[in-house]
Amino acid sequence: MENQFFTLKEVNINNHCPECYSREGLQLTFKQKFIETKLYKAITSHTNCLLICNICESPIFPVRWTDDIEQVVKYHHRAIKPKPNSIKFKKVTWLLIGLVAVIVIGTILFSTGII
């Protein structure tokens, strides 16, 4: 099972970076988690928020956020619309379901004496 994330929204914000104090480099990214296995792909409701300064190239963790940054992040978090939870079966899954259905139907027909 492999957990991956896809980008929902990227926003450049004009707050001061807590590391380098630049006002032009902060980029806020929201990502949503999806799971891919050999049998299915599923989108979950779990979202992540990542704040990176492109000037000093360092991630800004929530512990270092100022009140202004936190307000901007909350605003954008309310504005994002995550994709709804969904699941998509792959061909292998449909083949397994079909095979099991044929075996069950064959067993029922054989046990009742029809075949």
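Me: Is Lys90 buried, partly exposed or exposed?

Reply: This is a predicted model. A residue counts as buried under 20% relative accessible area and as exposed over 50%, with partly exposed in between. Lys90 has a relative accessible area of 24%, so it is partly exposed.

Me: With which residue does Lys90 form a salt bridge?

Reply: Side chains of opposite charge can pair when their charged atoms come close. In this structure the partner of Lys90 is Glu36, and their closest N and O atoms are 3.1 Å apart. Lys90 lies in the loop between strand S5 (86–89) and H2, whereas Glu36 belongs to strand S2, so the pair ties together parts that are 54 residues apart in sequence. Glu36 is partly exposed, because its relative accessible area is 26%.

Me: How many salt bridges does a search of the whole structure find?

Reply: The search finds three salt bridges. One of them joins the side chains of Arg64 and Glu19, at 3.0 Å from N to O. Arg64 is in the loop between strand S4 (58–59) and H1, and Glu19 is in the loop between S1 and S2, so this pair links parts that are 45 residues apart in sequence. With a relative accessible area of 41%, Arg64 is partly exposed; Glu19, at 40% relative accessibility, is partly exposed.

Me: Where do Glu70 and Lys74 lie?

Reply: Both residues lie in helix H1, four residues apart, which is about one turn of the helix. Glu70 is partly exposed, with a relative accessible area of 31%, and Lys74 counts as partly exposed at 48%.

Me: Which residues have the most contacts inside the largest nonpolar core?

Reply: In soluble globular proteins, nonpolar side chains tend to be buried together. Here the largest nonpolar core has 13 residues, and those with the most contacts inside it are Leu26, Leu51, Ile60, Trp65 and Ile69. Two or more residues of this core come from each of strand S1 (2–13), strand S2 (26–36), strand S3 (40–53) and helix H1 (67–79). S2 gives the most, with three residues.

Me: Is Leu26 buried or exposed, and why?

Reply: Leu26 has a relative accessible area of 0%, so it is buried. Leu26 is found in strand S2. Not counting residues up to four places away in sequence, Leu26 touches Val11, Asn12, Ile13, Asn15, His16, Cys17, Leu51, Ile52, Cys53, Ile60 and Ile69.

Me: Which residues are in contact with Leu51, leaving aside its neighbours within four places in sequence?

Reply: The contacts of Leu51 are Ile13, Leu26, Gln27, Leu28, Ser58, Pro59, Ile60, Trp65 and Ile69. Ser58, one of these residues, lies in strand S4. Ser58 counts as buried because its relative accessibility is 17%. With its neighbours within four places in sequence left aside, Ser58 is in contact with Glu19, Leu51, Ile52 and Cys53.

Me: What is the phi of Tyr21?

Reply: Tyr21 has a positive phi of about 65 degrees although it is not a glycine. Tyr21 lies in the loop between S1 and S2 and is exposed, because its relative accessibility is 61%. Glu57, also a residue other than glycine, has a positive phi near 55 degrees. Glu57 is found in the loop between S3 and S4, and its relative accessible area of 67% makes it exposed.

Me: Which residues does the UniProt annotation "transmembrane region" cover?

Reply: According to the unreviewed UniProt entry, this annotation covers residues 92–114. Over residues 92–114 the chain is 87% helix and 0% strand, and the end C-alpha atoms are 30 Å apart.

Note on methods:
Residues numbered from 1 in each chain as written. Predicted model: local features only at pLDDT ≥ 70, side-chain atom pairs only at ≥ 80, totals over all residues. Heavy atoms only, no water. Core = buried A, V, L, I, M, F, W, Y, C linked by side-chain atoms within 4.5 Å. Buried < 20%, exposed > 50% of the residue type's maximum accessible area, 1.4 Å probe, protein only. Contact = heavy atoms within 4.5 Å. UniProt positions renumbered as here; feature names shortened; annotations may be inferred. Salt bridge = Lys/Arg side-chain N within 4 Å of Asp/Glu carboxyl O.
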